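I opened my notebook for an afternoon with this model. Here is what I looked up, in the order I went.

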Amino acid sequence: MPGKKTTFLYLSEQDMLKAGVLDGKQCVDTIDDMFKVVGEGDYIMGGISENEHGQRIYFPEEKRFPNMPVAGPDRRFLSMITYLGGRFNLCACKWYGSNIENTKRGLPRSVLMVTLNHVETGEPFAYMSGNLLSAMRTGSIPAVGARYLASREARVAAIIGAGVMGRATVTCLQAALPRLAKAVVYDLVPAKAAAFCAQMSNELGFPFEPADSMEAAVRAGDVISIATAGSARPLLQKEWVKPNALLATQGTADIPDDLFTSSRIVFDEIKMHQAWKEEEEKIPPAKRLGFPGASVFRLCEQGKINATDLVSLSEIACGKKLGRANEAERFILIIGGMPVEDAAWGHTLYHNARKMGIGQELVLWDEPHWL
């Protein structure tokens, strides 16, 4: 029996732009659908728990061989694998290397690629640039969260961190919040915040204002996004955050215990964070990098938060749990990032590209050499 020809579609970053990777509304709608699928349980991520964030290489502190990398700020290789069911029905892997020193070389901090595979055969059907895809799927999570958790009167977004994640987040928030009228932006580098405001106001068509301090930005926000990276961890105070605000953390931040204990806490998917905790506890202390839900689990162990009160956005999206019940609630949305998001947004962009005739058809084999 002759073997089957296998081809796949290659999409460069320019192809991804043409396919709509920066389309906030389509991205938010896609990721909302994804959360519904995950909430029903029709997904598998990596590891024996079926809920791992990804598998990474931990570089040593000291050089062992001449060419072996050593640990550094945000320096890692990571593979994020998943099966996603529902209308998506595919397997996917996001693979990336990251080094904060890349910016000195004229490169993004992280360089990412996404592969999409047929579930039954394992054949790849798409291989695509992942940087913009990953940024937008990350930015869409606070926006999907805002659909279910933000006040109906939410009009001001506070963006902490004027970088790529901030751009993606505010783009998606505009799609999710029809009443959004202004964004207030804070960055450690004031000139960066000012440039961000000028560019994004022009792109999105509503006012952006740089804030003189993080406190001023947070106090103004109905929806607050912390989209920072690196060693500088923003330190918040409870009194800065409105009693009915939504605070979304997809970056590094120090959130005080009293802010956690006075808010409803929602995870993107709590099962992933529980698996992350179990993995972290097996790592020698010197190599631990921390994980987004660590403070919440500590407060649960101390009896200050009831673990049964914790919910996942996926449960809310599919109707199993309640989102905002009244205007007096404050929410903290803890975001870790999941490969199911890359699978879902990649699936949509692949089909966009097919409809538009974008990308290069590449041949894996005309006929497999060995069967």
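This is a predicted model: local features need pLDDT of at least 70, side-chain atom pairs count only at pLDDT 80 or more; totals for chains, interfaces and linings use all residues.

Entry 1: I began with the strand order and found an open sheet of eight strands, running 10-9-8-11-12-15-13-14 with parallel pairing. Which strands stand at the edges? They are strand 10 (208-210) and strand 14 (311-312); each has a single partner strand, so one side of each is left without a neighbour in the sheet.

**Entry 2: pairs inside the sheet.** I looked up strand 8 (residues 156-160) next and saw that four bridges join it to strand 11 (residues 223-226), the two running parallel. Within that pair, Ala 157 stands opposite Val 223 of strand 11. Then I moved to strand 13, which is joined to strand 15 by four bridges, again in parallel. Strand 13 also pairs with strand 14 in the parallel sense, over two bridges.

Entry 3: I followed helix 3 (residues 131-149) and found it lying across strand 12 (246-249), strand 13 (264-267) and strand 15 (331-334). Helix 3 runs at about 155° to strand 12. Helix 4 packs on the sheet too, where it touches strand 8, strand 9 (182-186), strand 10 and strand 11. The direction of helix 4 makes about 165° with that of strand 8.

**Entry 4: helix 2 against helix 3.** How do these two helices cross? I noted that their axes come within 9 Å and cross at roughly 70°, which makes helix 2 roughly perpendicular to helix 3. On the helix 2 side the contact includes Cys 27, Ile 31 and Phe 35, while the helix 3 side includes Met 136, Ile 141 and Val 144. I sorted the contact residues by class and wrote down nine nonpolar, two polar and five charged.

**Entry 5: helix 2 against helix 4.** Helix 2 (residues 24-39) also packs with helix 4 (residues 164-176), at an angle of about 80° and with the axes 8 Å apart. These two are therefore roughly perpendicular to each other. Here Gly 24, Lys 25 and Val 28 of helix 2 meet Thr 171, Cys 172, Ala 175 and Ala 176 of helix 4. By class, I have four nonpolar, two polar and one charged residues in this contact. Gly 24 and Val 28 also belong to the contact of helix 2 with helix 3.

**Entry 6: a pocket.** I finished with the second largest pocket, which holds about 160 Å³ of space. Ten residues line this pocket, and Lys 277, Glu 280, Glu 281, Phe 291 and Ala 294 lie nearest its centre. Which helix gives the largest share of the lining? It is helix 9, with four residues. Helix 8 (270-282) and helix 9 (294-301) each supply at least two residues of the lining. What classes do the lining residues fall into? My tally for this pocket reads three nonpolar, one polar and six charged.

Notes: Residues are numbered from 1 along each chain as its sequence is written. Side-chain values use heavy atoms; hydrogens and water are left out. On a 1 Å grid over the protein atoms alone, a cavity is a set of points where a 1.4 Å probe fits but cannot get out, and a pocket is an open set with protein on both sides within 12 Å along at least five of seven lines; lining residues have an atom within 4 Å of a point. Grid points are joined across faces, edges and corners, and a volume is the space filled by probe spheres set on the points. Ala, Val, Leu, Ile, Met, Phe, Trp, Tyr, Cys and Pro count as nonpolar, Asp, Glu, Lys and Arg as charged, and the others, Gly among them, as polar. Axes are lines fitted to C-alpha atoms, for helices over the stretch in contact, and angles run from 0 to 180 degrees between N-to-C directions. Angles under 35 degrees count as roughly parallel, over 145 as roughly antiparallel, 65 to 115 as roughly perpendicular and the rest as oblique. Contact means heavy atoms within 4.5 Å. Two strands pair if DSSP finds at least two bridges between them.
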